[in-house]
Structures are given as structure tokens and as C-alpha cells.
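Visitor: I am new to this structure and would like to learn how to read it. Could you take me through it feature by feature?

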Amino acid sequence: MRTRSDIRKGSMSNETPPKDDAQAPDPSSSRRPRMAMTRKLPDPNDYADQLLGEWSEYAFDEERAPLMKGDWRAKAFGVGKDHPLDLEIGTGNGYHFAHLAKKNADRSVLGIEIKYKPLIQSIKRAVVGGAKNARILRYDAGHLHDLFADGELNNVYIHHPDPWPKKRQWKHRLIQAEFLVLLHRLMRPGTYVDFKTDSADYFEWSIERFHQSPFKVTRETRHLHQSEWAGENFVTHFEKIFLAKGQPIHYARLERL
Ligand SMILES: C[S@@+](CC[C@H](N)C(=O)[O-])C[C@H]1O[C@@H](n2cnc3c(N)ncnc32)[C@H](O)[C@@H]1O
């Protein structure tokens, strides 16, 4: 296992540089990833230390993660090119992430999380819980083009993304027309995106864009817990909080045909 000081010295010699991907323009390139470099933090907290140190076998910081682009299956999971690779965006404290990995031992499950504490909580919960097929990375999910090649991903889960409710914040919302075009390109045919939110406003914003996107909307409900899909739903940490307040959960499935 690499120590934190190895990584701070920049010893990444066994990793290949990112491939030249000039033919695939990044639809999100007008916005740069909004995150600090973990290795350069002047005063890293324990979770940042664990990302670079004891958990670095399972967790990739924002410098290592882009080096895996196109090769996540082989380099991070040691599986073949046809093995399913699912992605959860914004794992939070990882209850669903760990559940997904444990329930699907025959799939590889990757999480993306920008904050250190939930990132480490998520990967610990999965690995300590017995999952061998879970990895996580730290990055701004608005920049998936930096991380994945076309057709690299199978199913994608987006549960309760930050709603950015004020008009001047809407530009920070994950769901944007360009993001959906990119996500569609990064996913394999025959896969899907599951999207849930407690915010009615963000759902209406999103569903409008989903219907205009290259995906096919095959599930759509403004009350998941009263819908035909309630039985198969896993209640996430945030969902539990909003359910306790009596708020309905909005849900859509987008198929990548
Ligand atoms: C509201 S929480 C939901 C967590 C979890 N999915 C759940 O349902 O309990 C949103 C999570 O997304 C993460 N997040 C927000 N913006 C992000 C970004 N641009 N890239 C990656 N993760 C992000 C936050 O750190 C937070 O953990």
C-alpha cells in the first residue's frame, strides 16, 4: 500500500498518462473543476490524509483519478473490458454505495465524491462491510470527461444532488443539457441513469432537460414512495431526512438505448 509521503513525493510511475482525447471535445470545458489539490493542502484533515495514505488502494485523489481514464476496469478493479462498471455520483456517507456494491458482487462499483469525510466514510462502509468490488474517487462530477472514456460506464446513480435553489446558483446544478449529452456518450448502450431528488423545483428543471436529452425517460414519478417502484427503492441517508419531514421524493430513470 502506498504511504502518504510516497504520494506527496509524486511517485505515480506505474500509471500511464491520460490518453490524447482531442477528437472528443469536452462539453463542460467552459467550467474548470472546483476543487483544491489534496496533495497541496496546507493543513490536511484526517480524511484527506486517509485518501492519500491508508485508503489509497481503494480511493483515488483528483490527481490519480484522471490517469485511470479509459482503464478503470483493468487498473482499479482488475476485471476485463466487458465487466459491468457502475458509477454513483455524490455518494454522501455511502449507505447506498455500500449496499450497491454488496448486492452486486458481480459488478464493479465506483463512487465519485468531492468532500473528504463522506468520501472516506463511503469507501470504508463498503470495504469494511465486505465488498471487494468498490472504489471511490475525489473529483468535481461536473467534469466527467476528465475521468471516463466514451462507453466506459454502465449504470449511473445520482441521488439527491445539491439542488442549488437560488437562480444565481443554477449554473452549479449538475443536471445541465451539456452534462447529459456527455453522460450519454460515456455510458454503454443498454444501461440506465437513476435520478432522485427531494427538490420539486430541481426535479422540474431536470425532467425538462431529460426529455430533451439523448436519453429515453422510462420512469417518472413525483412521489416515488407511492409509486410502483417503491418496493425496489433503497432509502438513502438524505432521503430518510426528507421523508421524515413528509416531503415527497421525485424519481426518474433514463435509459441509454
Ligand atoms: C445532498 S448529498 C446526497 C448524498 C447521498 N447521495 C444521499 O442520497 O444520501 C450530495 C452529495 O454530493 C456531493 N457533491 C456535491 N457536489 C459534487 C460535485 N460537484 N462532485 C462530486 N460530489 C459532489 C456532496 O459532497 C454530498 O456528499
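Visitor: Which residues are the closest to the ligand, and how many surround it?

Guide: In this predicted model, 19 residues surround the ligand, and the closest of them are Gly-90, Gly-92, Ala-141, Thr-236 and Phe-238. Sorted by class, the shell around the ligand holds 6 nonpolar, 8 polar and 5 charged residues, while helix 8 (residues 237-244) supplies its largest share, with 3 residues.

Visitor: Where does pLDDT stay under 50?

Guide: Where pLDDT is low, the predicted coordinates should not be read in detail. Here pLDDT stays under 50 over residues 1-29, although the model has 37 contacts beyond four places in sequence for them; for the protein, the mean pLDDT is 91, and 88% of its residues reach 70 or more.

Visitor: Why do the buried residues of helix 6 line one face of the helix?

Guide: An α-helix has 3.6 residues a turn, so residues three or four places apart point the same way. In helix 6 (residues 177-186), the buried residues are Phe-179, Leu-180, Leu-182 and Leu-183. Because these buried residues fall within an arc of 165° when seen down the axis of helix 6, they line one face of the helix, and they pack against strand 5 (156-159), strand 6 (191-197) and helix 7 (200-211).

Visitor: Which residues have the most contacts inside the largest nonpolar core?

Guide: That core has 56 residues, and those with the most contacts inside it are Ala-101, Ile-123, Ala-126, Ala-134, Val-156 and Leu-183. Helix 5 (residues 116-128) gives the most to this core, with 6 residues. Leaving aside residues up to four places away in sequence, Ile-123 touches Trp-55, Tyr-58, Ala-59, Ala-134 and Ile-136.

Technical notes. Residues numbered from 1 in each chain as written. Predicted model: local features only at pLDDT ≥ 70, side-chain atom pairs only at ≥ 80, totals over all residues. Near = placed C-beta within 6 Å. Helix = DSSP H or I, 4+ residues; strand = E, 2+ residues; numbered from the N terminus. Nonpolar A, V, L, I, M, F, W, Y, C, P; charged D, E, K, R; others polar. pLDDT = per-residue confidence, 0-100. Contact = placed C-beta atoms within 7 Å. Buried ≥ 20, exposed ≤ 12 C-beta atoms within 10 Å, placed from the backbone. Arc of directions from axis to C-beta. Core = buried A, V, L, I, M, F, W, Y, C linked by C-beta atoms within 7 Å.
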